[in-house]
2 protein chains.
Amino acid sequence: MYDRILSNLNRHVQLSEEEKELFTSSIKVRQLRKRQYFLQPGDVMRFEVFVTEGCLRQYYVDEKGQEHSMMFAFEDWWTGDMYSFLSGKPSKYHLEAIEDTTLLLIERNQLEQLYDQIPQLNRFYRILLQNAYVVMSERINQSLSMTAEERYHAFQQRYPHFEQRLSLKHIASYLGITPESLSRIRAQRKNT
Amino acid sequence: MYDRILSNLNRHVQLSEEEKELFTSSIKVRQLRKRQYFLQPGDVMRFEVFVTEGCLRQYYVDEKGQEHSMMFAFEDWWTGDMYSFLSGKPSKYHLEAIEDTTLLLIERNQLEQLYDQIPQLNRFYRILLQNAYVVMSERINQSLSMTAEERYHAFQQRYPHFEQRLSLKHIASYLGITPESLSRIRAQRKNT
DNA sequence: CGTCTATTTGAATGTACTCAAAAGCGGTGG
DNA sequence: CCACCGCTTTTGAGTACATTCAAATAGACG
């Protein structure tokens, strides 16, 4: 049950058995079926979310009614809504399971306690966040310097396994282009 | 000298006098004149950087030779290159003073020590990073959902004071458009 | 003052979008 | 198991927004 999250922690910190015990005892489990929502706009995100199975999509619907995928979290990824989680204010995002999904949850208060009880955890979340930040910068970089086609290929290279598990529509909304455009980019590729 | 950085710290953590002493004793100071570089591609970023006076621009030059501004750090902001700082690998970015600038620097090793000596500092950098992350998400959001013109107005609203201190060219490269386009957007505004 | 860079303006071009319709695919219920 | 419905993907035609290239103007700095 907790193997995946513990080995995830273990990438950056070594915890004692008691610490592991303490950590896992703060975890809640949540099952979602495909198309179910974990969070919708207006909700407050009260948890840190770890995906053990399946995939969550975080997306935003703009004033024009367009969906924009901010991130996909497959098994072994952390996700959530940092802004809402920290500020306690309502989220702007949807968090939707795009496959049958299992989540592990840590509530905010619990996490604060854990920070005190397991000092290493500060380090762990710092590293997690730093990595997330670097990935984000990379993405901004790409949105500034690349064409739609280049962004698509960069996406394929960085996340080779995503392609099979995501619909064209979802990938397009992550890249910031229309499904039609992505379809054309793909078609073009095949004929070269 | 250290007032600005100490009151910056004070936003999120309360340090004792000894802790402040310890912290400031790890700081190096660096003066840059307008157009001087603090970092260039290939350099390794060895410092956390705090701007006390002036402004640093972080930018990236892509394969086509285009400049893309990733961020501007005015007085009272932290900046750097997270990726290079953490990994010890060469940076892709330029860090250029666009005004006469004063920087406070904390070397990586020193910071690691400070984390141990001043546990609160973990908290401080976590919050700093969380905020930076939220700002970044916001920016990705905008690049996915807004036109050039909308991004420009969002930029003006969020950073009303930047406009006077940044050139059109720099703003354009931050928004991901050409200087010509931004010039036209501005011209259009005036005639309505 | 002269030089260099930044900004503006114009015309032509291109990339990606919108709208529309057809084809493909998957799931559901009879 | 097949037929149907809804959703996804593809394809086409016309359009819009932003780019490129070029040249003129304005501004900054020595």
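Me: Which residue follows H8(B) and has a positive phi?
Reply: This is a predicted model, in which local features need pLDDT of at least 70 and side-chain atom pairs count only at pLDDT 80 or more, while totals for chains, interfaces and linings use all residues. Residues are numbered from 1 along each chain as its sequence is written, and chains are lettered from A and ligands numbered from 1 in the order in which they are written. Helices (H or I, at least four residues) and strands (E, at least two) are DSSP runs, numbered from the N terminus. With a phi near 80°, the residue that follows H8(B) is B:Gly176.

Me: Which elements are included in what covers the buried residues of H8(B)?
Reply: A residue is buried if 20 or more other C-beta atoms, placed from the backbone, lie within 10 Å of its own, exposed if 12 or fewer, and partly exposed in between. In H8(B), the buried residues are B:Ile171, B:Ala172, B:Ser173, B:Tyr174 and B:Leu175. Their cover is judged by contact, for which two C-beta atoms, placed from the backbone, must lie within 7 Å. It includes, from chain B, strand S4 (55–61), strand S5 (67–74), H6 and H9.

Me: Is B:Ser7 buried or exposed?
Reply: B:Ser7 sits in helix H1 (residues 3–9) of chain B. Its C-alpha atom is 9.3 Å from that of B:Asp76, 69 residues apart along the chain. Because B:Ser7 has 10 C-beta neighbours inside 10 Å, it counts as exposed.

Me: How are H8(A) and H9(A) oriented to each other?
Reply: Axes are lines fitted to C-alpha atoms, for helices over the stretch in contact, with angles from 0 to 180 degrees between N-to-C directions; under 35 degrees counts as roughly parallel, over 145 as roughly antiparallel, 65 to 115 as roughly perpendicular and the rest as oblique. The axes of H8(A) and H9(A) are 8 Å apart, at an angle of about 105°. The two helices are therefore roughly perpendicular.

Me: Which residues of H9(A) make the contact with H8(A)?
Reply: From H8(A), the contact draws on A:Leu168, A:Lys169, A:Ile171, A:Ala172 and A:Leu175. Its H9(A) side is made by A:Pro179, A:Ser181, A:Leu182 and A:Ser183.

Me: Which element gives the largest share of the surface near DNA strand C?
Reply: A residue is near a strand if its C-beta atom, placed from the backbone, lies within 6 Å of it. DNA strand C is surrounded by 16 residues, the closest being A:Thr147, A:Ala148, A:Ser181, B:Leu168 and B:Ser183. Two or more residues each come from helix H6 (148–158) and helix H9 (179–190) of chain A, and from helix H8 (168–175) and helix H9 (179–190) of chain B. The largest share, six residues, belongs to H9(B).

Me: What kind of axis relates the two copies?
Reply: Copies are superposed by least squares on the C-alpha atoms of residues with pLDDT of at least 70 in both. A rotation of 180° with 0.0 Å of shift along its axis puts chain A on chain B, with an RMSD of 0.0 Å. The copies are thus related as by a two-fold rotation axis.

Me: Which element gives the largest share of the side of chain A that touches chain B?
Reply: Chain A and chain B each bring 25 residues to their contact. Because 100% of the interface residues of chain A are also interface residues in chain B, the copies meet through the same surface. On the side of chain A, 16 residues, the largest share, come from H5(A).
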